[in-house]
Amino acid sequence: MPYKPATGTAASAAVSRLNNRDYPFSAIVGQEPLKLALLINAISPGVRGVLIRGEKGTAKSTAVRALARLLPPIRTVVGCFYNCDPASPDHLLCDDCRERKRRKAPLIGELTGVPLVTLPLNATEDNLAGSIDFESTIQEGVRTFRPGLLAKAHRGILYVDEVNLLDDHLVDLLLSAASSGINLVEREGISNGHPSQFVLIGTMNPEEGELRPQLLDRFGLCVTVEAVTRSEQRVEIMKRHQAFLDDPEAFCGRWHKAEREQAQRVRNALQKRDGVCIAPDKISRIIKWCRDANAAGHRAEIAIESAARAIAAYQERSEVSDRDIDLAARLALPHRLRPERAQQPRPGASGASIREQPADLVPLSATVRSEPVGKPEGGGLGEKSEDRPDTGEDKPRKPRDQASGVSEEKPAALFAPLWPDGLELADPSEPIPLNIRDAFKRRVKYRQRSSGRRYAAPALSKRGRYVRATRERRLDDIALDATIRAAAPFQNRRDRSSLAISILPEDIREKVREQKQSALLILVVDASGSIGYRLMRETKGAVLYLLHDAYVKRDRVCLIAFRNDKAEVLLPPTSSIELAKKKLEDLPTGGKTPLCAGMLEGYNVIRSSLIRNQGILPLLVLITDGRANVSVDPDLSRAGKNTSLLYDELFAMAETIRNDARLRSIVIDVEGSVTGAFRMAERVAECMGAKYLVLDQIKAGAIVKAIRSEKDSPSRPLVGEIK
Amino acid sequence: MLSAVTSMKRHFPFSAIVGQQTMKLGLILNAINPRIGGILIRGEKGTGKSIAVRGLAALLPEIEAVEGCFFNCDPEQPLKYCPACRERAAAGALPVIKRRGRVVELPINATEDRVVGTLDLERALKKGEKRFEPGLLARAHRGILYVDEVNLLDDHIVDILLDSAAMGTNIVEREGVSFSHAAEFILVGTMNPEEGELRPQLLDRFGLCVAISGIVGEAERIEIVKRWNDYESDPEGFYKRWEEEEKKLAAKIVAARVAVPHIPPADETLAKIARVALAVGVDGHRSDLVMMKACRTLAAFQGGAEVTEEDLLASAELALFHRVRRKPFDEIRLDMEIVRNALKDRTGSSNS
């Protein structure tokens, strides 16, 4: 089948070759680790990318875009859409070039800039992987493949801003291409495979949620950037920014020499790279680093090795030094750390420096503010990057107390006491902690959902991000682009009276939309007198913890408190976590325990929310000591303390909740293992079919594990204490 | 095919809005200097947020644009031309017209394809051609993108806004179309914090932020009702009465736009800005950059030759309010005392 790569003016638009009016790389003040990580990737693409984590407004994107200009041009085959290298062996060529070569036609090379391809968050699958080109298919009657972004990014940089917000199925595509180096397309009657090897550069703000562990591991290096804290540097940033805005060309002109030198250094390093040797004892140093960090898999070793070579080449040395390795390790390990073993350095593992380095890194990563490479405190403002690796040795060992003092205000650090296991984001076998949404994910992954209270009936809602098309007819949510693509190959055989395209029912495709899941967290809090001051404080701690998770996941919360003789909805379902916290602070306490009323109220809120919006995922969290002593029925309460009737009512209520398959529940027992405890809460939990937790264990991070295990269990979770 | 962006009815004149000085100032600063990067107005219902934004449209200075260009291309910036303009430019000089910057409203139920643009279906079906049909982001280029109740916007739309606002470019890779065009817009949003907070990431994208509340003075409240009544009963007549005020303000904005580049960013001013940012504790550097632009713009608006202490204070309030580093769900709060102290304190350079 003769596939012809499509031509098109728009096709080249996404390949943003940078013009000479972009902010120059060398003019970026500070952010040395970031610049080093990018340069390493420029010199040694085998490092396979860098993930840039950091707060807002820290020149993340600016640096990436500036990088492409430093890279020496590559030789590509003229007219090839896959940036094939004319010198590469057959198996690395695209079908086209191989065919040409077979026909003994010469592959003419031309020098082109390294492609920097931006993957927008709202890209659809067909545009990333490539698909049929309906325009030329219709007009010429030949099935034509239209290369996607993965083709354009071959031998270049694929840049994803806010990579943690990327849809899962796009991530899957990226991962498969990144791991095999080949993009296989089998869709719409097109079958195509082409090489796709790219350096993946992503930026993310951890406040917006974490990255999937598999994807995290794909990034060779990881740097955390933060704002410069010296005021002279801040002033310099303002000055340069203003100068650039006032006259970009003049500004670039002033930096032209520095840029050219920088580019020349990269070019020299590229040539030198393969000649750099690495002594056997250096390799064992790499392995020790990885072992001490307890990094999963072997990607860490490979990344450190290539990065260390790149650093040596950049510094025009022909041998990798210990310092190169240490620098590389600080860039390659932060996102691969698994703290369990690293927190207890094994005696006699290695030299002193190696042993203390992981200990240096671990708490840094636990506060999500690792500073793997020295900050440019030693140098002046316009410090050239070549000074940097030398300052790296002493700077990272900032006194811990100083660093943690700064990070006190960070969300992750704030909850650190409740989260003593540290962040396990580096462990690919485990999901990110406390992912309530994951608990529901398998059931609803591709279901069409509605997005919030404004859209009541999901069947009518055609909202959400259009990610791909399907043959299945469900909602009349027609994906016209996919329909046209499906119809395109048959046009020369069909009767097209006045239109350009004739579409038959079998061509019709519908949109598959994906929307971030919105869970509804119903917090039913026991505010009765039996809870007491100390327990109340801990209860609030637990609720705060849940609120924090809701904040990251953008879930909605509802707060219900019960005391004396009734339950009260303090906060109807809202996405304003701030409000929930305020309500929680002013929570009135004391009085009797109308547990059943609390459960009923929570259940009612869930029911009415589900009526309004079937797409939500309700999770009922009941926080109590289980010592119910007030009935819902006023007559029963007046009749005196008839405990057995009271409990009958309670268990009937629990049963109702259990029988409603739409919701899940967790009971947190604030009384727990205190001696003489009734363990009433446990019995209620059992009856509700709820996950049962004891508050004491929450402090041990059990809530994380509990919800994580809820995700793994195929059916409703079993009742039992979590160790 | 685009939604009606401007209604036919005469908008309530900006200068007739009673009180709400900070909000008005923030909007005016953006009209003078689009590089400030927009404004977020937080406040209860019925405090004149939307009226002010719509009223601002009439005050925006005129810009030069390529005639007939959907993307509002700037004739001075050949590198940012849309494909159509690039073709036309190659064939000969582009016709230039002057027009006011547009205020494009993004309704919260907007679908993604309307926002970023999509495949031109008519073209595809009738001619079998693949063409890009621009969306609201294209329309908002070099104008104002106004999102009412921005905190209720769908997450995936917010992501798009973040992306394009950050890059100044809208990159479309969907539905079989690959297209990118410049999308530099002033993002103006309003929200009621009680309905939920904005994600910090998006919060940071707004150059300035003001929190407003209803006016409590009785005389002023009466004046509001009176003016609104007058406006409702006879919009044109009401406008006539305010026309002069409006023209004066518009002229002042144009004059300020010319004057901004002549206000020097004195070293001392910059040092003060850095000191304030460090003392208050903010994420990133965007606050510094915004403060620098805001105080110079403010000085220009007030006809001064250089940035005064008051200009700095006012711009700090506008630029720092939403950027103060805070614990996850603390309320947003800016302690102006810290700002004042940092401005005074000439010895200590930082507190970190």
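Student: What percentage of the 352 residues in chain B is buried?

Tutor: A residue is called buried under 20% relative accessible area, exposed over 50% and partly exposed in between, with a 1.4 Å probe and protein chains only. In chain B, 59% of the 352 residues are buried. For chain A, buried residues make up 60% of 723. This is a predicted model, in which local features need pLDDT of at least 70 and side-chain atom pairs count only at pLDDT 80 or more, while totals for chains, interfaces and linings use all residues. Residues are numbered from 1 along each chain as its sequence is written, chains are lettered from A and ligands numbered from 1 in the order in which they are written, and side-chain values use heavy atoms, with hydrogens and water left out.

Student: What is the accessible surface of each chain?

Tutor: Such areas come from the Shrake-Rupley method with a 1.4 Å probe, and for residues only the protein chains shown count as cover. Chain B has about 14400 Å², with 51% belonging to carbon and sulfur atoms. For chain A the area is about 28000 Å², and carbon and sulfur atoms hold 52% of that.

Student: How many helices and strands are there in chain A, and how many in chain B?

Tutor: Helices (H or I, at least four residues) and strands (E, at least two) are DSSP runs, numbered from the N terminus. Chain A holds 28 helices and 19 strands; chain B has 14 helices and eleven strands.

Student: How do I read the packing of helices H1 and H12 of chain A?

Tutor: Two packed helices are described by the angle between their axes and the distance between the axes. Axes are lines fitted to C-alpha atoms, for helices over the stretch in contact, and angles run from 0 to 180 degrees between N-to-C directions. In chain A, the axes of H1 (residues 32–43) and H12 (residues 299–314) come within 9 Å and cross at roughly 95°. H1(A) is therefore roughly perpendicular to H12(A); angles of 65 to 115 degrees get that label, those under 35 count as roughly parallel, those over 145 as roughly antiparallel and the rest as oblique.

Student: Which residues make the contact?

Tutor: Contact means heavy atoms within 4.5 Å. H1(A) contributes A:Leu39, A:Ile40 and A:Ile43, and H12(A) contributes A:Ala307, A:Ala310, A:Ile311 and A:Tyr314. These residues divide into seven nonpolar, no polar and no charged. Ala, Val, Leu, Ile, Met, Phe, Trp, Tyr, Cys and Pro count as nonpolar, Asp, Glu, Lys and Arg as charged, and the others, Gly among them, as polar.

Student: Where is A:Arg563?

Tutor: A:Arg563 lies in strand E15 (residues 556–563) of chain A and is partly exposed, at 26% relative accessibility. A:Arg563 and A:Ser528 are 35 residues apart in sequence, yet 4.6 Å apart in space, C-alpha to C-alpha. Beyond neighbours within four places in sequence, the contacts of A:Arg563 include A:Ala527, A:Ser528 and A:Pro588.

Student: What is the phi of A:Asn83?

Tutor: Most residues other than glycine have a negative phi. A:Asn83 has a positive phi, near 55°. A:Asn83 sits in the loop between strand E2 (74–77) and helix H3 (95–102) of chain A, and is buried at 16% relative accessibility. A:Glu162 also has a positive phi near 55°; A:Glu162 is in the loop between strand E7 (156–160) and helix H7 (168–180) of chain A and is buried at 5%.
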